[in-house]
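My entries follow in the order I looked things up.

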Amino acid sequence: MATRQAMSICDPSRRSGNYQPSIWTDERVQSLTGNSTVKREENRERINVLKEQTRNLIREKQQVAEQLQLIDHLQQLGVAYHFKDEIVEVLSRLHASLDHVSSQLKDDLHATALLFRFLRANGFSVSQDLFETFRDEIGNFEVRCENQIRGLLSLYEASYIEKEGETVLKEAMDFATEQLKEFMEEGSVPESGDLRDQHRGFIEAFRGDDTINPLLLEFAKLDFNMVQDAYKSELRELSGKLICI
């Protein structure tokens with residue numbers, strides 16, 4: 001019996017799948033431009049300076065709400081990973097005096113929700129009872145919480161890390177969802193798809209935010225650009241290797 005010959009991957013008789021050609025041709029990939037070597041080095045040096053300044057800012061003695069807001073800005077700008085040790089150090093200190101800290105934040109739903117989310121997300125033991133100060137005698141969230149848009153957003157995020165049987169967090173999610181929907185209907189809050197955008201979106205959004213330190217914004221922009229530049233370089237290098245195969 002004749003031996004069956006393997007079909008060549010270049011056999012013109014094979015039927016085409018009619019796929020559209022990719023826009024990422026070798027020429028386009030190779031045309032991706034990044035910063036020059038000198039510019040990259042300048043950016044790297046500036047980033048190192050800003051990183052140290054940010055590290056000092058995290059370690060500064062501040063009001064609890066300000067420390068939590070700083071950590072939130074770092075996370076939303078996508079640069080918190082640079083400061084894991086410093087952030088855990090701050091959270092450890094807050095957790096060690098949690099009763100005192102929570103009493104300081106008894107009128108600040110936003111900061112309380114940030115504290116809860118950061119502690120639990122980083123492995124610290126924290127109870128849902130942290131939110132009891134915002135509930136009335138029959139267990140409903142108080143009217144004073146209804147107009148705190150930032151607080152409601154933070155409460156909504158915090159409620160996502162509930163554990164089984166934590167009814168307070170389940171009620172917190174329902175309450176925050178209902179109130180935010182009302183704000184959205186009134187046009188006071190952007191559509192949910194815009195609430196948590198990509199890092200670049202946050203950088204643009206924070207341009208006019210007086211609460212964010214300009215140092216953080218500059219650091220985030222340079223860090224984002226440097227990462228993108230690295231991706232472009234890797235893509236060009238990979239494309240060059242494929243061409244040679």
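**Charged pairs**

I began in helix α8, where D174 and K170 both lie, four residues apart, about one turn of the helix; helices are DSSP runs of H or I, at least four residues, numbered from the N terminus. D174 forms a salt bridge with K170, with the closest N and O atoms 3.0 Å apart. I counted a salt bridge when a side-chain nitrogen of Lys or Arg is within 4 Å of a carboxyl oxygen of Asp or Glu. D174 is partly exposed at 41% relative accessible area, and K170 is partly exposed at 39%. Here buried means under 20% relative accessible area, exposed over 50%, and partly exposed in between, with a 1.4 Å probe and protein chains only.

I noted that this is a predicted model, in which local features need pLDDT of at least 70 and side-chain atom pairs count only at pLDDT 80 or more, while totals for chains, interfaces and linings use all residues. Residues are numbered from 1 along each chain as its sequence is written, and side-chain values use heavy atoms, with hydrogens and water left out.

I found 14 salt bridges by this rule. R117 and D72 meet through their side chains at 3.3 Å, N to O. This pair links distant parts of the chain, R117 in helix α6 and D72 in helix α3, 45 residues apart. R117 counts as buried because its relative accessibility is 14%; D72, at 5%, is buried too.

I also looked up D107 and R144, which form a salt bridge at 3.4 Å, N to O. D107 lies in the loop between α5 and α6 and R144 in the loop between α6 and α7, so the pair ties together parts 37 residues apart in sequence. D107 is exposed at 53%, and R144 is partly exposed at 33%.

**Rings**

I searched the whole structure and got four aromatic pairs. Rings of Phe, Tyr and Trp (its six-membered ring) pair if their centres lie within 6.5 Å; planes under 30 degrees apart are stacked, over 60 edge-to-face, and the rest tilted. F83 and F219 are tilted because their planes stand at 50°, with centres 5.8 Å apart. Both F83 and F219 are buried. F141 and F175 are stacked, at 5.1 Å centre to centre and 15° between the planes.

**Core**

Notes: Helix = DSSP H or I, 4+ residues; strand = E, 2+ residues; numbered from the N terminus.
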